[in-house]
Amino acid sequence: MPVSTGKEIVPIFSGGGTRLSCYIGILQALQDMQFRFRHLVGVSGGSIVAALYATGWDLASLKALALQTDFRQFWSFSVTSLLRTGGLCNGDKFEAWLDKQLQGVTFADLPYDLHVLATDINGGGPVVFNRLYTPHLKVSKAVRFSMSIPLFFSFQPFKNHIMTDGVILSEDALHHDWSGSGLPLICFRLKSDAEAKPVQTSRYFPLISYIYMLIRTFMSAVSREYVHAEYWHNTIVINTGSISAVDFALTVEQKLQLFDTGYQTACAIVPLKLAGLFETQ
């Protein structure tokens, strides 16, 4: 059993895509180590887990949801959608599913302070959704904004912004004093390894297959982006092997593997990363 700390931190779940169970394993490790937190930060796939937890889902129910959900239900192919909205899939089915799990809550309804980040391609900067800036916005809508994987999910308009995936953000946007009181941040990033796979293209629509390969390569490349030295002291990179952010056909065994990887890595690394910070408090 990990050593108890009882210290308060701010977890940041950056990226992830369909690898939700990895973040659930991380949350289980933080709970077992008795870390406390009132603020959660979610980006892209990480915002899904952060939102569910912030709504009040317990970890056992979260894990069961991740294991039983077939992510392929959110994957569709529409060249018309790609040409009209910038994505193969409009994302409506995913947003409706998530809103059902969240029971339609807004940021003002949450017992936790949840911060969801997306990227504005109209201005190139971060857009933050939380209790302060968007109290009456549905949490599911903010997560949908943050989950706008380029070329996969359609771009989403919001006020004067055009929303796309939050994982494209620079590190500066993540490492903000979210608590307003200088609580230690711990940023979890999921990294996948490049893996050559047999080329399997659609007989009639090979372009869609090539676009999917492009999306997978892009998301894997973003996950392997260099961590700036300024943020290395509170960043934990978790290697998910060949499982990428856009693997929609994950098996139960793969999901359990992701959960264990998140749990074991967090148990081993979080105390080491934060020891120096707690000693100076």
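**Group meeting: cavities, active site and salt bridges**

Before going on, a word on what we're looking at. This is a predicted model, where local features need pLDDT of at least 70, side-chain atom pairs count only at pLDDT 80 or more, and totals for chains, interfaces and linings use all residues. Residues are numbered from 1 along each chain as its sequence is written, and side-chain values use heavy atoms, with hydrogens and water left out.

What do I mean by a cavity? On a 1 Å grid over the protein atoms alone, a cavity is a set of points where a 1.4 Å probe fits but cannot get out, and lining residues have an atom within 4 Å of a point. Grid points are joined across faces, edges and corners, and the volume is the space filled by probe spheres set on the points. The second largest cavity holds about 100 Å³ of space. It has 13 lining residues, and the closest to its centre are Thr18, Phe71, Phe74, Phe94 and Met147.

Keep Met147 in mind, as we move to the active site. UniProt, in an unreviewed entry, puts the feature "active site" at Ser44 and Asp165.

Where does each one sit? Serine 44 is in the loop between S2 and helix H2 (45-55), while aspartate 165 is in the loop between strand S8 (161-164) and helix H7 (171-174). Helices (H or I, at least four residues) and strands (E, at least two) are DSSP runs, numbered from the N terminus.

Buried or exposed, then, for serine 44? Buried, with a relative accessible area of 1%. Aspartate 165 is buried as well, at 0% relative accessibility. The cut-offs: buried means under 20% relative accessible area, exposed over 50%, and partly exposed in between (1.4 Å probe, protein chains only). Leaving aside residues up to four places away in sequence, serine 44 touches Gly15, Ser146, Met147, Asp165 and Val167, with contact meaning heavy atoms within 4.5 Å.

Next up, charges. How many salt bridges do we get? Six, taking a salt bridge as a side-chain nitrogen of Lys or Arg within 4 Å of a carboxyl oxygen of Asp or Glu. One of them pairs arginine 36 with glutamate 8, closest N and O atoms 3.6 Å apart. Arginine 36 lies in the loop between helix H1 (20-32) and strand S2 (39-43), and glutamate 8 in the segment before strand S1 (10-14), so this pair ties together parts 28 residues apart in sequence. Arginine 36 is partly exposed at 46%, whereas glutamate 8 is buried at 14%. Glu8, Arg36 and Arg38 are linked in a salt-bridge network.

Another one joins lysine 138 and aspartate 99 at 3.0 Å, N to O. That pair links distant parts of the chain, 39 residues apart: lysine 138 in the loop between strand S5 (126-129) and helix H6 (139-146), and aspartate 99 in helix H5 (residues 92-102). Lysine 138 is partly exposed at 38%, and aspartate 99 is buried at 17%.

Last item, cysteines. With a disulfide being a pair of cysteine sulfur atoms within 2.5 Å, the count is zero. Cysteine 22 is buried at 0% relative accessibility, and cysteine 187 is buried at 1%.

Note on methods: UniProt positions are given in the numbering used here, feature names are shortened, and annotations may be inferred rather than shown by experiment. On a 1 Å grid over the protein atoms alone, a cavity is a set of points where a 1.4 Å probe fits but cannot get out, and a pocket is an open set with protein on both sides within 12 Å along at least five of seven lines; lining residues have an atom within 4 Å of a point.
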